[in-house]
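Please examine the structure shown here before reading on. The paragraphs that follow lead through a pocket, some strands and some salt bridges.

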Amino acid sequence: MGTKLYILIMSQKTLIILKPDCMKLGLCGQVISRFEKEGFQIVASKVKKLESKLLREHYAHVADLPFFPEIEAFMSSEPVLIFILAGDDVISRVRDLLGPTDSTTAPKGTIRGDLGTDRMQNMVHASDSPENALIEQKRFFPEL
């Protein structure tokens, strides 16, 4: 008798930010539709104009680098749509749907490959790990 191994992928949550380029170009519906087609569900959302303090915290890993002012200017240029997306293995699956950070190298069929224009104007931020997903959810949804 062989032993059977069952792997259960538990439902996860990830933080998503539809960036100013996505908002300005009216592409939110297209991006959200791709997430919904994968069976993911939005469990919290808000529209917010991001302020310097929050951006410095969110981008702390690059806040002291020379290009940070460009990131800050871009991310605060328009209100963004922030939401928590839930689903099975949502973190890695969303990152696969997005494609690489640099839209110019992202394959067609990915969100960034189809809609993004460069490394910064790449439509969407998504948490990159379960640990960061929790940190980011607390940062952007402290009320939950």
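How do the residues of the lining of the largest pocket divide into nonpolar, polar and charged? They comprise ten nonpolar, seven polar and eight charged residues, where Ala, Val, Leu, Ile, Met, Phe, Trp, Tyr, Cys and Pro count as nonpolar, Asp, Glu, Lys and Arg as charged, and the others, Gly among them, as polar. The model is predicted: local features need pLDDT of at least 70 and side-chain atom pairs count only at pLDDT 80 or more, while totals for chains, interfaces and linings use all residues. Residues are numbered from 1 along each chain as its sequence is written, and side-chain values use heavy atoms, with hydrogens and water left out.

Strand 1 (residues 11-18) pairs with strand 3 (residues 80-88) in the antiparallel sense through eight bridges; strands are DSSP runs of E with at least two residues, helices are runs of H or I with at least four, and both are numbered from the N terminus. Two strands count as paired if DSSP finds at least two bridges between them. In this pairing, S11 stands opposite D88. Strand 1 is also joined to strand 4 (residues 124-126), antiparallel, by three bridges, and there I17 stands opposite H125.

The whole structure holds four salt bridges, each a side-chain nitrogen of Lys or Arg within 4 Å of a carboxyl oxygen of Asp or Glu. One of them joins E57 and R139, with the closest N and O atoms 3.2 Å apart. Because E57 lies in helix 3 (residues 52-58) and R139 in helix 7, this pair ties together parts 82 residues apart in sequence.
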